[in-house]
Amino acid sequence: MLIDFIASVGRQGIEKFQTIGRATLLLYGALVSKPQPKKMFPLLMKQLYSVGVLSIAIIMVSGLFIGMVLSLQGYIVLVDFGAETSLGQMVALSLLRELGPVVTALLFAGRAGSALTAEIGLMKATEQLSSMEMMAVDPLRRVIAPRFWAGVISMPLLAMMFSAVGIWGGQLVGVDWKGIDYGSFWSVMQASVELGEDIGNSFIKSVVFAITITWIAVFNGYDAVPTSEGISRATTRTVVNASLAVLGLDFVLTALMFGN
Amino acid sequence: MESSETLVSIKNVSFSRGDRKIFDDVSLDVPRGKVTAIMGPSGIGKTTLLRLIGGQIDPDYGEIWFDQVNVPQLKRAQLYQIRKRMSMLFQSGALFTDMTVFDNVAFPLREHTDLPEDLLDTLVLLKLEAVGLRGAANLMPNELSGGMARRAALARAIALDPDLMMYDEPFVGQDPITMGVLVKLISSLNQALGITSVIVSHDVPEVMSIADKVYLLSGGKVIGSGTPDELRANTDERVRQFLDGDADGPVPFQYPAQALDQDLFAKKTSK
C-alpha cells in the first residue's frame, strides 16, 4: 500500500521533471540557432498580428472597465476621509504595479495562449509539423520561434495599453463623473508614480509573464496528444497552468520588488 | 555494385514502441528508379517504416542506408540535408491550412532555394499542372476535396525534385476515379522524373498494378517479397490470406485475448 503510494508519487514526480526537460529542450531548439532575419521577419509580423493586434480590443475594453471600477470603489472609500484627491495616485499605482500586468496576463493566456496551443496542436494532429520536418524545415524554428517572440514582444505592450486605458477610465469616473478636481487628480498621480519603481517594475513583471505564458502555450501545443481530446486537454492545461503560474510569480515578483 | 542500384537499404532493423515489437529483424531493399511497395495489414507499422527512413525516429537495432549514408547515425544538420532529397506524401496530405495551394507548393522552394519570384511562379505552376491542379492554385486547402488535397500535397512533395518519394497510404479513402488518377500520377512521376518510389499501402489491386517490387510485412517480419507476379504465385498461406482477403487464417480474426469462457465467467466465479 504505502510502497505503491510512494511509487506513484515518484512516478508523477519523474514525469513532471521530464515534462520540464522537454519544454526546456523545445525552447532551446526554437531560440538557439543562427538567426535568419530575412525569413523570420514576415513570420514574426504575421504572428504579432494574430497574437498581439487581435488581442488589443479585449485588453482595451477590460482595462477601461477595471480602471472605472477601481476609481469608483476608491472614490467611495476615500471621500469619507476627504482624501479623494489621492484617487489618481491610487488608480495609477494599482494599475501599474498589479492589475495592469496581472489582468493582462490572465486575459492574454485565455485569448492568445489558448489559440496558440490549439493551433500548434492541430498542426501536429494533421501531420503538418511532421511534413515540415520531412521537407527539411525545422518546425521549432519555423512555427514555434515566431510565435514565442510574438508573445514576448506583444504582451508587455498590451499591459502598458491596459494601464493607460485604465487610468483614463479612472479619470472618467473620478473627474468627469464624481467631480474631483482635474488638476489635483493628475498632479498627485504625477508626484507619486516613479519611472523605475512603478513603470519599470510593471514592465519587468509583464515581460516575465509574457515569457511564462507563451512558453507554456507553445509547449502544450507541441507536446499535445494529436487527437481532438488531446488538443482540448492541452488547451485547458495552457490556460490553467499559465494563469496559476502568473499569479504565483506575481507574488514572488511583488515580494522582491516592493517587499522591503 | 549493389549501392548504385539500391537507393534505400534497410538492414536487420528492429523497432519497438513500448512493449510492443513493431519490427523484428526486418531487411529490405528499395531499387533505384523503381516503384517498391510495402504492403501489410493495418497497424503493423508501415508508416513507422517510412518515418524510420526519413529519420524522424530511430530504430532500436539495425541500419538504414540511404544512398550510402546510414540515416540513424546522421547529425541533425546532415539529416536535414538528406531530407531535401527525400519527400513524403502523408496520408492526410498535411497541407498547411493557412496558405493557398500555390504557397503550399512554393513552400519548400522558398525555404531551400533563392529563386527569383517569377521563376518560382513558373516552377510551381508546372508542378501543379503535372497533378492537374493549375486552376486551383489560389484555393485554400479547406476548399479542396480529399482527392484534390492529396494531389496538391503530391505537387508540393515533388517540388524539390526528390530522389526518393514515399507515399503513405495514398489510396485510402479515395473514390475509384481519384484512385485511378493517383495510380497514373505515381507511375508517370516515377517514369518521367526517374523518382524512386516507396508506396506503403494495403490496397492490393492498385499497388500490384504499379509496383515493380512488393514486400509483404506481417507480425514485424517480411513474409513475402518479389515482383507482383511472383507474389501472386506465392503459396505461403499468410501471403495468400492477405492477397485474397480471407477473414480468418494465420493472421487471426481475434485480437489476442484470454479464452472466451474465462473472460465471461471468471469474474463471476471469483466473487
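Leaving aside residues up to four places away in sequence, Leu87(A) is in contact with Ser71(A), Gly74(A), Tyr75(A), Leu78(A), Gly174(A), Ile180(A) and Phe185(A). The model examined here is predicted. Leu87(A) also belongs to the largest nonpolar core, which comprises 57 residues. Together with Phe108(A), Ile144(A), Met155(A), Phe209(A), Ile213(A) and Phe107(B), Leu87(A) touches the most other members of that core. The greatest contribution to this core, 15 residues, comes from helix α4 of chain A, which spans residues 87-125. A separate second core holds 49 residues, among them Val35(B), Leu109(B), Val183(B) and Leu243(B). In soluble globular proteins, nonpolar side chains tend to be buried together.

Aromatic contacts were examined next. Over all chains, four aromatic pairs are found in the structure. The ring planes of Phe148(A) and Trp149(A) stand at 70°, with centres 5.7 Å apart; because this angle is over 60 degrees, the pair is edge-to-face. Phe148(A) has a relative accessible area of 3% and is therefore buried, whereas Trp149(A), at 35%, is partly exposed. An edge-to-face pair is also formed by Phe96(B) and Phe107(B), whose centres are 4.8 Å apart and whose planes make an angle of 65°. This pair joins distant parts of the chain, since Phe96(B) lies in the loop between β6 (86-89) and α4 (101-112) of chain B and Phe107(B) lies in helix α4 of chain B, eleven residues apart. Phe96(B) and Phe107(B) are both buried. In chain A, ring pairs connect Tyr182(A), Phe185(A) and Trp186(A) into a cluster. Phe185(A) is also one of the residues touched by Leu87(A).

Charged groups are placed over two rings of chain B. Arg156(B) lies over the face of Phe96(B), 4.6 Å from the ring centre. The charged end of Arg83(B) is positioned over the ring of Tyr80(B), at a distance of 5.2 Å from its centre.

Tyr80(B) and Phe96(B) also feature in the interface with chain A. Contact between the two chains involves 25 residues of chain B and 16 residues of chain A. About 1900 Å² is buried between chain B and chain A, and carbon and sulfur atoms give 52% of this area. On the chain B side, Tyr80(B), Phe96(B) and Glu111(B) lose the most area to chain A, together accounting for 26% of what that side buries. Five salt bridges are found across the interface of chain B and chain A. Glu111(B) also forms a salt bridge through its side chain with that of Arg142(A), with an N to O distance of 2.7 Å.

Backbone geometry was considered last. Most residues other than glycine have a negative phi. Ala136(A), by contrast, has a positive phi near 60°. Ala136(A) is located in the loop between α5 (128-134) and α6 (139-177) of chain A; its relative accessibility is 8%, so Ala136(A) counts as buried. Asp161(B) likewise has a positive phi, of about 45°, although it is not a glycine. This residue lies in the loop between α6 (146-157) and β7 (164-168) of chain B. With a relative accessibility of 46%, Asp161(B) counts as partly exposed.

Definitions and conventions
Residues are numbered from 1 along each chain as its sequence is written. Chains are lettered from A and ligands numbered from 1 in the order in which they are written. This is a predicted model: local features need pLDDT of at least 70, side-chain atom pairs count only at pLDDT 80 or more; totals for chains, interfaces and linings use all residues. Side-chain values use heavy atoms; hydrogens and water are left out. Rings of Phe, Tyr and Trp (its six-membered ring) pair if their centres lie within 6.5 Å; planes under 30 degrees apart count as stacked, over 60 as edge-to-face and the rest as tilted. Buried means under 20% relative accessible area, exposed over 50%, partly exposed in between (1.4 Å probe, protein chains only). Helices (H or I, at least four residues) and strands (E, at least two) are DSSP runs, numbered from the N terminus. A charge sits over a ring if NZ of Lys or CZ of Arg is within 6 Å of the ring centre and within 35 degrees of the ring normal. A nonpolar core is a set of buried Ala, Val, Leu, Ile, Met, Phe, Trp, Tyr and Cys residues joined through side-chain atoms within 4.5 Å. Contact means heavy atoms within 4.5 Å. Buried area is the accessible area (1.4 Å probe) that two parts lose on being put together, summed over both. A salt bridge is a side-chain nitrogen of Lys or Arg within 4 Å of a carboxyl oxygen of Asp or Glu.
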